[in-house]
Amino acid sequence: MIGRLRRSISGGSASALRDLLFNLISRDLKLKYQGSVLGFLWSLVNPLMTLVIYSWVFLVLMKSGIPHFPIFLMAGILPWNFFANATMSSVDAFTGNSGLIKKVPVPKTIFIGSVIGFNLVIFLMVLVIVLIAMPVFGVPYTFRLFLIIPGVLAEMALLVGLSLTVSTLNVLFHDTSHILEIMLMAWFWITPVTYEMASVPDKFRIILELNPMTFIINIFQSAVLGSSLSGGFYIGLGEILLLIFLGAWLYRRYRYEMVEWI
Amino acid sequence: MDIGGDKLQTAIEVMEVTKVFNLTADRRRSLKGTVIRFLKGQKKPPDVLITPLQRVSFSVRRGEVVGIVGENGVGKSTLLKIIAGIIRPSSGSVRIDGRIAGLLEIGLGFHPDLTGRENAILYGSILGLPKAAIRNSLDQIASFAELESFMDVPLKKYSSGMQMRLGFSVAMTVDPDILLLDEVFSVGDQKFQQKSFGRLEEMIRANKAVVLVSHDLNVMKRLCNKAVFLSKSGETILGDATEVLDRYDAYMRSPVTE
């Protein structure tokens with residue numbers, strides 16, 4: 001319907017878009033860390049407190065027998081936080097940037113990219129600290145650590161699909177974020193972050209195996225602790241692909257109309 | 001007569017563009033409400049349709065400056081957004097040849113907690129300027145905005161005039177083939193207004209295709225060589241700027257006939 005010989009923002013080359021993405025991410029990082037004495041250290045406080053509290057609950061109160069529990073917990077909770085934080089803030093990727101979306105012809109997906117990128121940077125910074133701390137907890141370095149790379153890639157693929165879906169849904173239904181918040185809470189407990197897959201009774205196993213986060217968290221745990229990879233790999237990848245298709249379809253269906261609604 | 005060359009090349013072609021807005025189709029409802037409505041078997045509220053743009057056609061060639069005038073609500077800004085590719089027409093089409101930049105609002109994406117410099121860089125990249133181009137013109141931007149000693153101060157310490165000056169100066173570094181402007185002419189005090197108007201004229205004369213919207217007829221007469229008058233009745237009058245603008249002026253001055 002619309003014939004455009006060359007349609008783009010001024011100088012709207014791929015490199016200009018990459019610069020914009022980079023600038024949006026660095027804006028969010030600056031805003032998060034500026035004006036605080038501790039700066040980046042604040043991002044360590046949350047996982048550190050989680051570590052202390054969960055270790056006390058699971059090691060002391062519940063006498064969980066998971067070896068190297070603190071590192072096991074970190075290997076699961078950091079990718080989980082990355083997933084949950086990125087998903088929650090991506091809900092507002094379109095609605096929260098309506099001022100820009102209504103006035104500048106930028107591809108709207110750039111705001112999803114900046115949410116995922118921003119949370120990825122924080123995740124990787126904290127992850128490096130945990131990797132440095134591994135020997136302190138008596139966990140040796142092995143070549144399995146390279147599994148972190150496919151782990152991060154799989155998680156980002158899942159995030160792309162999920163964030164496209166929820167951000168577009170949030171344009172259609174403004175209570176999406178409330179529903180998502182409840183879902184994420186339940187989702188956390190059906191993901192083996194605080195417990196091992198092996199301790200799950202057989203009849204509940206199917207729930208965990210259908211959860212794509214199970215296999216992703218598993219990759220990280222296996223990378224750090226050398227535990228074996230449990231199954232669910234193909235199911236997880238299949239679900240990720242499905243979600244990307246769903247998100248892309250939803251976004252493409254509403255990308256022009258949403259400008260008039262947000 | 002000078003025919004040929006780039007001057008005659010069509011940069012924007014608006015063909016039979018119609019835009020219908022459905023005012024009740026506010027899809028931002030709650031999922032809860034939608035489910036309840038569905039369970040109760042309630043029907044959708046009836047559509048309230050408005051058609052700000054009806055079969056609007058015109059073209060802009062390279063080097064032409066086209067002003068769009070009309071009363072509030074006739075769809076001037078909507079038309080600019082359709083040309084910019086931000087929203088889609090309900091029917092009809094727009095053809096664009098060249099890189100396009102729209103200044104539909106000055107200082108988009110400004111954040112009060114970031115410094116003038118950081119905001120300038122971000123705003124520049126929102127307008128599609130490459131990183132190197134922004135960095136190279138930062139000094140120029142600061143001096144044009146007369147904010148050299150304020151570039152490392154957070155924007156929240158700026159007066160609103162200072163913010164507008166910064167936004168305008170960044171916006172003036174864009175270098176597209178096609179420029180869309182929506183009421184961005186009066187910025188800062190009188191002195192700065194004159195300076196910025198001069199810069200704008202310079203930019204417009206640089207053989208660009210320009211479409212601008214303004215209620216200020218003096219500005220329009222000075223800048224435009226063609227004009228489009230979108231009337232409330234849905235008629236599109238286009239032609240020589242002075243002629244069309246005078247007609248619009250007369251229309252606006254005529255007593256209300258309702």
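Where is Glu146(B) found? Glu146(B) sits in the loop between H4 and H5 of chain B; helices (H or I, at least four residues) and strands (E, at least two) are DSSP runs, numbered from the N terminus. Its phi is near 55°, a positive value in a residue other than glycine. Glu146(B) has 16 C-beta neighbours inside 10 Å and so counts as partly exposed; the scale calls a residue buried if 20 or more other C-beta atoms lie within 10 Å of its own, exposed if 12 or fewer, and partly exposed in between, with C-beta atoms placed from the backbone. Glu16(B), in strand E1 (residues 10-22) of chain B, also has a positive phi, about 50°, although it is not a glycine. With 13 C-beta neighbours inside 10 Å, Glu16(B) counts as partly exposed too.

A word on the basis of all this: this is a predicted model, where local features need pLDDT of at least 70, side-chain atom pairs count only at pLDDT 80 or more, and totals for chains, interfaces and linings use all residues. Residues are numbered from 1 along each chain as its sequence is written, while chains are lettered from A and ligands numbered from 1 in the order in which they are written.

For 262 residues, a compact globule would have a radius of gyration near 18 Å, and the 20 Å of chain A agrees with that; the radius is taken over C-alpha atoms, and the globule rule is 2.2 Å times the number of residues to the power 0.38. Of the 262 residues, 37% count as buried.

As for confidence, the mean pLDDT of chain A (the predictor's confidence in each residue, from 0 to 100) is 88, and 94% of its residues reach 70 or more. Over residues 1-11 of chain A, pLDDT stays under 50.

Where the chains meet, 43 residues of chain B are in contact with 38 residues of chain A, contact being C-beta atoms, placed from the backbone, within 7 Å. Helix H1 (31-40), strand E4 (91-97), strand E5 (100-103) and helix H3 (116-126) of chain B each give two or more residues to this side. H3(B) is largely enclosed by the rest of the structure, because 10 of its 11 residues are buried, including Glu118(B) and Asn119(B). Those buried residues pack against helix H1 (14-33) and helix H4 (98-101) of chain A, as well as helix H4 (131-144) and helix H5 (160-171) of chain B. Gly128(B), with a positive phi near 90°, follows H3(B).

Chain B also has an open sheet of 6 strands, in the order E5-E6-E7-E3-E8-E9 and with mixed pairing; strands pair if DSSP finds at least two bridges between them. E5 and strand E9 (236-240) are the edge strands, each pairing on one side only. E5(B) runs parallel to strand E6 (residues 178-182) of chain B over 4 bridges, and Ala101(B) stands opposite Leu179(B) in E6(B).

Terms used
Contact = placed C-beta atoms within 7 Å.
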